[in-house]
Amino acid sequence: MKQNPRSNSNRKKAKTVLRLPDLEFAKAAVLNSLTSLDAQRGYRHAIDEFVDWYCSEPRLAFNRIVVLRYRSYLETRQLASGTINLRLGAVRRLAYEAADSGLLSSDLAAGIRRVKGVKKLGVRLGNWLTAEQGQALWQAPDIHRMKGKRDRALLALLLACGLRRHEAVSLRLDHLQQREDHWAIVDLLGKGGHIRTVPIPDWVIAELNGWLSAAGIDRGRISAK
């Protein structure tokens, strides 16, 4: 039975040591596979950190042992477990794309993907505002100034609707629609390219109307100056 000549050529191209051009090519493949700008930014930073570490001294190969050493290096920096695991996830993705492009041996890539992350100890409680703190934050801007009206309306959106910063920045007036006697942000493009609809409380609509009316805004971005 004849073997596929294409698979033979890919096997010949596969390497054990990746140079900077190979790593940059694999990084571009990783970033192109991501649709979220936030994910692209996080992966780019994580991969750049690994590439700087990997190229700082000669390495025998891009393999499981090297990635384990990188994990130990991250631990010596006393980074949080979640941060370390995010960095390792980016390295695994880098190895996968390098192997898929024929730049790295598939056996080495498989070994890298088996590198386990760091265990998370304890329970993440978070640092949330209380109802009183949220109320104080929302009322902090001076409503007698135009900037204060705008800031108060945007804070109301962020607090009451749970919007991320980039969601608030990209929000437009045509996203605000009335559905069955209730206002909502319709077809909001969020993290990971997910589209969702967010209900808006009446008091937030009142804050928005007060600012928009005072500023004479009838179209465009909500966050327009």
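Axes here are lines fitted to C-alpha atoms, for helices over the stretch in contact, and angles run from 0 to 180 degrees between N-to-C directions. The model is predicted, so local features need pLDDT of at least 70 and side-chain atom pairs pLDDT 80 or more, while totals for chains, interfaces and linings use all residues. Residues are numbered from 1 along each chain as its sequence is written, and side-chain values use heavy atoms, with hydrogens and water left out.

**Exercise 1.** Work out how α5 and α6 are arranged, and which residues make the contact.

*Solution.* Start with the elements: helices are DSSP runs (H or I, at least four residues), numbered from the N terminus. Helix α5 covers residues 81–100, and its axis comes within 9 Å of that of α6, crossing at roughly 165°. Angles over 145 degrees count as roughly antiparallel, under 35 as roughly parallel, 65 to 115 as roughly perpendicular and the rest as oblique. The two helices α5 and α6 are therefore roughly antiparallel. Now the contact (heavy atoms within 4.5 Å): α5 brings Val91, Arg92, Ala95, Tyr96 and Ala99, and α6 brings Ser106, Ala109, Ile112 and Arg113.

**Exercise 2.** Decide whether α3 and α4 are roughly parallel or roughly perpendicular.

*Solution.* First, take the geometry: α3 (residues 37–54) packs with α4 at about 105°, the axes being 11 Å apart. The pair α3 and α4 is therefore roughly perpendicular. Finally, list the partners: Ala46, Glu49, Phe50, Trp53 and Tyr54 of α3 touch Val66, Arg69, Tyr70 and Tyr73 of α4. Tyr70 also takes part where α4 meets α5.
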